[in-house]
Amino acid sequence: MKMKLRKPVLFLLLITVLAPIVLYTDTLGAYFNSPSSSRTEFIEDLSTFTFGGEVRPLNVLPQESSTSLKEPPGDVYSEKSSNSISNVSDTISSEDARKARQLTEESLKHQTATGNSERGVEVAMNENHISQVTDNLHEPQQVDKSSPKLVSARKGESRATETSSKKKTSPTDSNHTLEATSAKTEIRHDQRTVQISGRVVSGETTRSKDEERNAQIVPPDALVRQLKDQLIRAKVYLSLSATRNNPHFIRELRLRMKEVTRALGEATKDSDLPRSANEKLKAMEQTLAQGKQIQDDCATIVKKLRAMLHSAEEQLRVHKKQTLYLTHLTAKTLPKGLHCLPLRLSTEYFKLNSSQQHFPRQENLEDPKLYHYALFSDNILAAAVVVNSTVSHAKDPSKHVFHIVTDRLNFAAMRMWFLANPPKYATVNVQNVEEFTWLNSSYSPVLKQLESQSMIDYYFRSHTDSDPNVKFRNPKYLSIMNHLRFYLPEIFPKLDKVLFLDDDIVVQKDLSGLWSLDLKGKVIGVVETCGESFHRFDRYLNFSNPLISKNFDPRACGWAFGMNIFDLNEWRQQTITEVYHSWQNLNHERRLWKLGTLPPGLITFWKRTFALDRSWHVLGLGYNPNVSQADIQRAAVIHYNGNLKPWLEISIPKFRDYWSKFVDYDQVFLRECNINKLAGS
């Protein structure tokens, strides 16, 4: 039994000793007989081993520097490229596969250490640059096939593949494998370079096309402008002495001008022009060229153009002044519907019996604990909007009391409107200014001035050229209604605080918080307008007069009437009415300020104003189309100060709806007077 086991053991030992000698005989012979390059390959072969799928160098043996490998810098390898190398490795020996993997590893390390500028180009061209490059490496249709370098590279790659598939593993085959791999790497590098340059070129081509496209964009009125320019040049030649002496040229030029003028018509863009416009343009250009030959003195032409420009500017100034005057005239004119409304309401009011002509809750009129409003107006519809908008935003409408004062002509109509359309839970009272018997010319200096003949002439004669401040010549200033705001303590002797409202405002929030404000000893709460230069004191007062210059600051902040809280107790203690009368007496010849209510208000309440937050009162909706929507939405009160009132057709369309939404256009009196919502509201 022992003999039987001894033979197999000896046989295995023999094989174990002799097999390595036999296996490595060819390698050792090749090492001693081959040139130095083969030795180097053998050393490299032994100096590497595979562990866990990685190629690691043996530190004991000398390593060859990676700089000896001629790897193109900056090649990008991905899964696809590594797969292509592994496919080649399947057909060659295991040693060649290890060398190919080592080449890949070293090239990746070299790329990481050095980087390259071409990758930066690709980063700029596309965020997913690596995947695009590696994908494009395997798309031969994108490579320029006319490049001889790439064609020869493909042939080399195919020859290397055929050689590796036909031959078995040998020491010399590894050199061919390395050369083939290097050739493939160079091919990929060249392909990627071509693709990158192609992208750059295509990008530049796209940009150049965009620039050309933008340059080719023609304005829709280009031809219209050319025709108008030709007319201007023609007018120049008509006025020059050199061309006027040539009757044939002048006759032809006038004919061309008529043709061009007829072709232009009312056209504002090229599509409005007739088909013959281009022919007229060319004919006129030929005629103008003749004029240039007759008169080639550029200095004379420039001089004439300057004279024409000056004349045009002067005409523009005159037209602007006329437009301003007509705008003021329109603002003074009462629309037919608003003229009809008081007549219709007055008729209905006088049909009522005496018991039906009284308002409910009259006991609230003198209760100082309630919220009292003063509204002085002869515009029924405007007063209705003020009351409706205030009540609709009030937290407790029953605490709000409206004191409306109007003139004798509108007294019955105003009462009838609020009798027919009473505000919900709120208290309303309408008074006639004629009932204030204490308000007469012997008591009020302004009344005495308003009754003078000079004042009447100042307001009612034509003033298109005499006074730049046309807005101060509005006949409404002749009415005492406009000056009642300076007599609030006399009108409301039993009240402590009153909120004054103009009839061209709209309330957007609850205003009850104003009565709880501490005015800190001041008489009036105002929203200052310091941000606008034309609302400074020097805009309204005559600082050339020593009475004004000694007492006031020309750069002081102005403010506006329209929404003002008055402390009537402080008013009485500081005798504000007497201050107002004294300044009115000094201004009897209008040397301190032009007539109106704001200039005397600035003087009377000088250093007696309490600044409210700007969100309480936003101005400008009657003249400034650039009022911010954010400011309007934030405002408690918006004010249509200016000539463009919301009930007029000349109002600013985008601001109309804030006012018109508080008007019930289905109300019977409005329908009978044909008062409809304005277009654009």
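Trainee: Which residues of α17 are buried?

Mentor: A residue is called buried under 20% relative accessible area, exposed over 50%, and partly exposed in between, with a 1.4 Å probe and protein chains only. Helices (H or I, at least four residues) and strands (E, at least two) are DSSP runs numbered from the N terminus. In α17 the buried residues are Phe411, Ala412, Ala413, Met414, Arg415, Met416, Trp417 and Phe418. The helix is thus mostly covered, with eight of its ten residues buried. This is a predicted model, in which local features need pLDDT of at least 70 and side-chain atom pairs count only at pLDDT 80 or more, while totals for chains, interfaces and linings use all residues. Residues are numbered from 1 along each chain as its sequence is written, and side-chain values use heavy atoms, with hydrogens and water left out.

Trainee: What do the buried residues of α17 pack against?

Mentor: Contact means heavy atoms within 4.5 Å. The buried residues of α17 pack against α15 (336–349), α16 (380–393), β4, β5 and α27 (668–672). Helix α17 itself (residues 411–420) lies across β4 (400–406) and β5, and runs at about 170° to β5. Such angles run from 0 to 180 degrees between N-to-C directions, the axes being lines fitted to C-alpha atoms, for helices over the stretch in contact.

Trainee: In what order do the strands of the open sheet stand?

Mentor: Strands of a sheet pair through backbone hydrogen bonds, either parallel or antiparallel. Two strands are taken to pair if DSSP finds at least two bridges between them. Here seven strands form an open sheet with mixed pairing, in the order β5-β4-β3-β6-β9-β8-β10. Because β5 (427–432) and β10 (609–611) stand at the edges with a single partner strand each, one side of each is left without a neighbour in the sheet. From one strand to the next, the twist averages 25°.

Trainee: How many bridges join β8 to β9?

Mentor: Strand β8 (residues 524–526) and strand β9 (residues 563–567) run antiparallel and are joined by two bridges. Within this pair, Gly525 stands opposite Ile565 in β9.

Trainee: How is a nonpolar core to be read, and which residues of the largest one touch the most other members?

Mentor: A nonpolar core is a set of buried Ala, Val, Leu, Ile, Met, Phe, Trp, Tyr and Cys residues joined through side-chain atoms within 4.5 Å. The largest has 67 residues, of which Phe418, Leu499, Leu511 and Trp659 touch the most other members. Helix α16 gives the most to this core, with nine residues. Leaving aside neighbours within four places in sequence, the contacts of Leu499 include Leu511, Trp515, Met563 and Ile565. A second, separate core of 45 residues includes Ile480, Ala556, Trp583 and Leu592.

Trainee: Is His617 buried or exposed?

Mentor: His617 counts as buried, at 3% relative accessibility. This residue lies in strand β11 (residues 617–618). Not counting residues up to four places away in sequence, His617 touches Val527, Ala560, Phe561, Gly562, Met563, Val637 and His639.

Trainee: How many salt bridges does the structure hold?

Mentor: A salt bridge is a side-chain nitrogen of Lys or Arg within 4 Å of a carboxyl oxygen of Asp or Glu. The structure holds 15 of them. In one, Glu285 and Arg233 meet at 3.1 Å, N to O. Glu285 lies in helix α13 (residues 277–294) and Arg233 in helix α10 (residues 222–239), so the pair ties together parts that are 52 residues apart in sequence. Both ends are partly exposed, Glu285 with a relative accessible area of 35% and Arg233 with 36%. Salt bridges that share partners also join Arg344, Glu348, Lys351 and Glu672 into one network.

Trainee: What can be said of the protein as a whole?

Mentor: The protein has 27 helices and twelve strands. Of its 681 residues, 43% are buried. Among contacts with a separation of 6 or more, 75% are between residues 24 or more positions apart.
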